Amino acid sequence: MTVQMDPDDDTLASLWVVLPLALFGFVVAAGCWTLFAVAGVHLRAELELSSLQFGILLAVPMAVSALLAVPAGLAARKFGARNIMLFCLAGLALCMVFMLTADTYFGYLFVASGLGLAGGFYSAGLQFVTGHCEPRRLGLVLGTFGAGVTGAGFNYYLVPLFHEAFSWHGVPLAYLIVLLLILALLMLLTSSEDSRAEPGSETSVRILLRQLRHHRTWHLCAYFGVVAGSFFALALWLPDYLASQFDLPVQTGASLAQWFVIPGALAQVVGGGLSDRFGSGRVISRSLLLCLVSLFVLSYPPMTLFIRGVDDTIRLEFALPLMMEGAFVVLLGVALGCAMGSLQRLVILGNRSVAAFVAGLLLVAASLVAFVLPVVFGAVNHWLGIRSAVFMILFLLLFSCLFLFSRDSREHERMSLLHPGI
């Protein structure tokens, strides 16, 4: 007697293998984005780098990731997501070998460029997990995969531990061992059939962009870019902000900032799961409203109010204590994470056939916003002299995003009622 397995059960069984591997790989790949942000501090002193040289070293991995995201998505569609993931992991492992042997600034700059392969792993990995899940579980699966960005925050804890135990050179060695482990597991536990390559698929960017012209994809990519870019920009800005605002050591500010990064990254799972049950539009709107409430409170700078009494002047101090400000920062991170997970699900759900290509567009949009916002933060901070101005900027940005998203959603619902086939 032959027992036939239900295709849905087969897909779910493969998902239990594919998703943990892709998630673990993305955790390590995302950690490569901020590797120089922590280990580079010791490198800066060793090579006597200027602020400009150090800033370029920090920015290169994310910039190259944005450049590679779309080409990697196209390659994943043509040659298979699994093959591109293996290629990116092997390239990252090779970068760690070069990092162990590099001794000049340009050598480390070359390594930083290679770390941009993490963006390629994101595009291919998203295609990989999307091809192994059912539509009703898409939000939860994508949110789980997106939570791998916590790897960018773990560096702030793990890298100092390796530095104290060995030296900062032990960091790339540890990364090399983990990358080779993931590479071996991915090769052993998955097969070439899981790659789902489409050799005859269209890889022309112009044609693929034309296919997306009649969908909401462009608007949704822009909204995701604003939300995710705001999250990443604030994650980079918070350590210095908290240290300066409350007179804390920089290392303490960095540790406190992880209470924004890690809960926010994990909240993508919650956002995706809630979207599967209640719909993405409702979750996105409520998440953005929660962001606005948090930003409204955080925008108020410390103030001193003088009240002239009959005999004396009363002085009142208004300032959020560290614990209360930290609570609103955590709430902001969770709300942004939920919005990111919901937006990602909404975009991919309508473009599953070109999921890797769309994932590249999402990463490009987020990277551009994350690159521009810190520059704007610094300029406005210098011009106004108010540290909390960064929250005012984000409030205006996310308010505009919520307004436009609500308007587009109503228009989309109206068109769906008038033309049910659309």
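Is Phe162 buried, partly exposed or exposed, and what is its relative accessible area? In this predicted model, Phe162 is partly exposed, with a relative accessible area of 31%, where buried means under 20%, exposed means over 50% and partly exposed lies in between, for a 1.4 Å probe and protein chains only. The model is a predicted one, in which local features need pLDDT of at least 70 and side-chain atom pairs count only at pLDDT 80 or more, whereas totals for chains, interfaces and linings use all residues. Residues are numbered from 1 along each chain as its sequence is written, and side-chain values use heavy atoms, with hydrogens and water left out.

The secondary structure comprises 16 helices and 2 strands, assigned as DSSP runs (H or I, at least four residues, for helices; E, at least two, for strands) and numbered from the N terminus. Of the 422 residues of the protein, 50% count as buried. Among contacts with a separation of 6 or more, 83% are accounted for by residues 24 or more positions apart, a contact being defined by heavy atoms within 4.5 Å. The protein exposes about 20200 Å², of which carbon and sulfur atoms supply 68%, with accessible areas taken from the Shrake-Rupley method with a 1.4 Å probe and, for residues, only the protein chains shown counted as cover.

Phe162 lies in helix α8 and belongs to a nonpolar surface patch of about 720 Å², which is made by Phe154, Tyr157, Leu158, Leu161, Phe162, Leu256, Trp259 and Leu322. Such patches are made of residues with over 30% relative accessible area and no salt bridge, nonpolar side chains (Val, Leu, Ile, Met, Phe, Trp, Tyr) being joined within 5 Å and like charges within 9 Å. Helices α8 (151-165) and α12 (250-278) each supply at least two residues of this patch, and α8 gives the most, with 5 residues.

In the interior, Ser65 is found in helix α3 (residues 51-79) and counts as buried because its relative accessibility is 0%. The side chain of Ser65 is joined to that of Trp33 by a polar contact of 2.7 Å, and the Ser65 side chain also reaches the backbone oxygen of Pro61 at 2.9 Å. Residues up to four places away in sequence aside, Ser65 touches Trp33, Leu115, Gly116, Ala118, Gly119 and Leu363. A polar contact is here a pair of N or O atoms within 3.5 Å; within protein, one must be able to donate a hydrogen and the other to accept it, and residues adjacent in sequence count only if both atoms are side-chain atoms.

Leu332, in helix α14 (residues 322-349), is likewise buried, at 0% relative accessibility. Its contacts beyond four places in sequence are with Leu234, Phe260, Cys291, Ser294, Leu295, Leu298 and Phe391; the C-alpha atoms of Leu332 and Leu295 are 7.3 Å apart, although the two residues are 37 residues apart in sequence.

A search of the whole structure finds 2 salt bridges, each a side-chain nitrogen of Lys or Arg within 4 Å of a carboxyl oxygen of Asp or Glu. In one of them, the side chains of Asp276 and Arg345 meet at 3.1 Å, N to O; Asp276 lies in helix α12 and Arg345 in helix α14, so the pair ties together parts that are 69 residues apart in sequence. Asp276 is partly exposed, at 23%, whereas Arg345 is buried, at 11%. The side chains of Asp408 and Arg407 also meet in a salt bridge (4.0 Å, N to O).
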